[in-house]
Amino acid sequence: MYTAKGHLDRNAMIKQYQPLVRRLAHHMMAKLPANVQVDDLIQVGLLGLSDALTRYEAAQGVQFETFATQRIRGAMLDELRGNDWMSRGSRKSQKEIEQAMRRLEHTLGRAPIESEIAAELQMTLSDYQTLLGKVRGTQLVYIEDMAHGQDDENSFLDRHVADEDADPLSMLRDQRIRQALVQAIKNLPEREQFIMSMYYEQDMNLKEIAAVLEVTESRVCQLHSQSIARLRAKMRTH
């Protein structure tokens, strides 16, 4: 979209790409704790879009949407870095959930159900589900710990979210690990498999998945977090 003078029409472009900003913000939310507000990410993302419009040059040979996506996501990640959104308490809770799952699977010989995990953690089912909502799905990007180890002193965001290569689908190129992950996904409870497919394969956000399953968005968030914890517990051995 260009003006009569041949320049990009910023207002028209911002209006056109606002849905892209919203989609990126909502998709990122599944990896973030509940205290992060999607509207804040959208506002920061719009600044990233504006920056993309300023910096974009068609001569670079990159499509604008691809270029804008990088700038928008980068702006959101910079904002998250500055707010230290991932507390040590949340990281500790994640590890405790995974450890409980591993113990139960060893004892039961099958994937534990929610009530069993809650009991193992000495929590009520309601408290366990609330905890899942608080830690959200950030365990997903923990999968790279299998290759690089853990260091709580490092920035969790820098190690796991900021780099595009931190996406497990890009990182797990080792065929043995890939096969193990595929098998682990197949062993997830059916509903959790369905959620993983919609989120990672169909690129749906939590709100859209909730509408399909006819449950609340917070319930989808809980199940997403739980399924990622199951995968992480399984993949530890690899």
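This report walks through the helices, surface and nonpolar cores of a predicted model.

## Ground rules

Local features here need pLDDT of at least 70 and side-chain atom pairs count only at pLDDT 80 or more, while totals for chains, interfaces and linings use all residues. Residues are numbered from 1 along each chain as its sequence is written, and side-chain values use heavy atoms, with hydrogens and water left out.

## Overall build

You're looking at 13 helices and zero strands. Both kinds of element are DSSP runs numbered from the N terminus: helices are H or I with at least four residues, strands are E with at least two.

The chain has 238 residues, and 45% of them count as buried, that is, under 20% relative accessible area with a 1.4 Å probe, protein chains only. Its accessible surface (Shrake-Rupley method, 1.4 Å probe) comes to about 12,800 Å², with 47% belonging to carbon and sulfur atoms.

## The cores

A nonpolar core is a set of buried Ala, Val, Leu, Ile, Met, Phe, Trp, Tyr and Cys residues joined through side-chain atoms within 4.5 Å. The largest one has 24 residues, and Leu-41, Phe-64, Ile-72 and Met-76 have the most contacts inside it. Helices H1 (10-29), H2 (38-55) and H3 (64-81) each give two or more residues to this core; H1 gives the most, with eight.

Take a look at Ile-72: leaving aside residues up to four places away in sequence, Ile-72 touches Leu-20, Val-21, Leu-24, Gly-45, Gly-48 and Leu-49 (a contact means heavy atoms within 4.5 Å). There's also a second, separate core of 13 residues, including Ile-97, Leu-104, Leu-132 and Val-135.

Key. Buried means under 20% relative accessible area, exposed over 50%, partly exposed in between (1.4 Å probe, protein chains only).
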